[in-house]
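Visitor: I have a chain open and would like to go through it. Can you take my questions as they come?

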Amino acid sequence: MIDLRSDTVTRPTPQMRRAMFEAEVGDDVYGEDPTVRRLEEYVAGLLGKEDAVYAPSGTMTNQIGVYVNTSRGDEVLVHQDAHVFNYEAGAPALVSSVQVRQLPGEGGVISPETLRAAARPENVHFPRQSLLCLENTHNASGGRVYPLDAFASVCEEARGLGLRVHLDGARLFNAQAATGIPAREWAALCDTVSVCSSKGLGAPVGSLLAGDAGTIAEARRARKALGGGMRQAGVIAAASLYAFEHNIDRLAEDHERAARLARGLSSAGYEVVPPETNIVLVEVGDAPRFLEALAARGVLATPRNSSTVRMCTHLDVSDEDVERAVEAAAGIARFGVAG
Ligand SMILES: *Cc1c(COP(=O)(O)O)cnc(C)c1O
């Protein structure tokens, strides 16, 4: 099977497993796991932040980010297609008791004007607004990069409104690989940044939240409260450290393969959003029927909605896999299933 459902489906390579096997460990809740500590310092350095905290998932690091930047009853401003709002099981309400205000914008970008229009004056009727959440790359729009200048201008508007800024950077290093702009340039504009090692970077598990030392100290307490305090976590942190040290630059290969996949699908007659990174969105007519026919031809993908399918390239997808996926889809188009 060629698995294009997500870039989370990668399996650790032998070299990554060796790093896990050899990891030095201690009790991380006591702050004694040297591998976890190295990972946290390494990622804080990559992002130009004072500190970072390691957690099991990007959902946890995002939600800790929401928690440490807000108070109960606050309003959090997000893009209407944001992962933190749509795909995290209602956690902003569950964990932080905040309400989420959804803003529109092309490709996950929120304009300063849109943000300003959503601002609420000081008045006893209104919720307090404390946080803007941004996402880069933007998953739902097909892995679009948040342009740095647009990012900077909405962050400046947010500061003017007294908001803090959290970045869901589950695929921030894809944005770096696609543009050559260091991840830390986006991170510098934010209070907290979440990054994942378990997407295209290929680790089996693990995300980090970076920020200033005081915020991350608070985040460590929140992580414990959520059940994310792990003990000899160096065994898995070693995989994440390996991923950040070795697999960032190769994300460009995933982007090239996504571009090739998109071109092939387009030649086969499909309407495709040209990918900026590793996510390809394809219009297929009837998504469930298409996916069934595709799986019968040995290729897995996921529905985005009733007519759109998402395909991700990643560490375990080769050039040959891309060709075979295009052939499989082309076969379906010929049989008219794509309708
Ligand atoms: C995958 C993802 C996350 C985190 O997901 P987990 O599965 O909880 O690690 C957060 N934001 C975006 C945009 C994602 O794609």
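This is a predicted model: local features need pLDDT of at least 70, side-chain atom pairs count only at pLDDT 80 or more; totals for chains, interfaces and linings use all residues.

Visitor: Where does R171 sit?

Guide: R171 is in the loop between β6 (164-169) and α8 (172-179).

Visitor: Is R171 buried or exposed?

Guide: Buried. Its relative accessible area is 3%, and the cut-off for buried is under 20%.

Visitor: Which side chain does the side chain of R171 make a polar contact with?

Guide: That of D7, at 2.7 Å. Leaving aside neighbours within four places in sequence, R171 is also in contact with residues including N136, K199, N278 and R310.

Visitor: Switching topic. What does the domain assignment give?

Guide: Domain 1 covers 14-245 and domain 2 covers 250-335. Their C-alpha centres lie 28 Å apart.

Visitor: How many residues of each domain are in contact with the other?

Guide: 17 of domain 1 with 13 of domain 2.

Visitor: And what area do the two domains bury between them?

Guide: About 1,300 Å², with 52% of it on carbon and sulfur atoms. On the domain 1 side, G142, N174 and G200 supply 32% of the area buried against domain 2, more than any other three residues.

Visitor: How many salt bridges does the rule find across the interface?

Guide: One salt bridge between domain 1 and domain 2. As for polar contacts, the count between the domains is seven residue pairs. The residues on the side of domain 1 that touches domain 2 divide into seven nonpolar, eight polar and two charged.

Visitor: What do the side chains of E276 and R144 meet in?

Guide: A salt bridge, at 3.4 Å from N to O.

Terms used. Residues are numbered from 1 along each chain as its sequence is written. Side-chain values use heavy atoms; hydrogens and water are left out. Helices (H or I, at least four residues) and strands (E, at least two) are DSSP runs, numbered from the N terminus. Buried means under 20% relative accessible area, exposed over 50%, partly exposed in between (1.4 Å probe, protein chains only). A polar contact is a pair of N or O atoms within 3.5 Å; within protein, one must be able to donate a hydrogen and the other to accept it, and residues adjacent in sequence count only if both atoms are side-chain atoms. Contact means heavy atoms within 4.5 Å. Domain bounds come from an automatic or database domain assignment. Buried area is the accessible area (1.4 Å probe) that two parts lose on being put together, summed over both. A salt bridge is a side-chain nitrogen of Lys or Arg within 4 Å of a carboxyl oxygen of Asp or Glu. Ala, Val, Leu, Ile, Met, Phe, Trp, Tyr, Cys and Pro count as nonpolar, Asp, Glu, Lys and Arg as charged, and the others, Gly among them, as polar.
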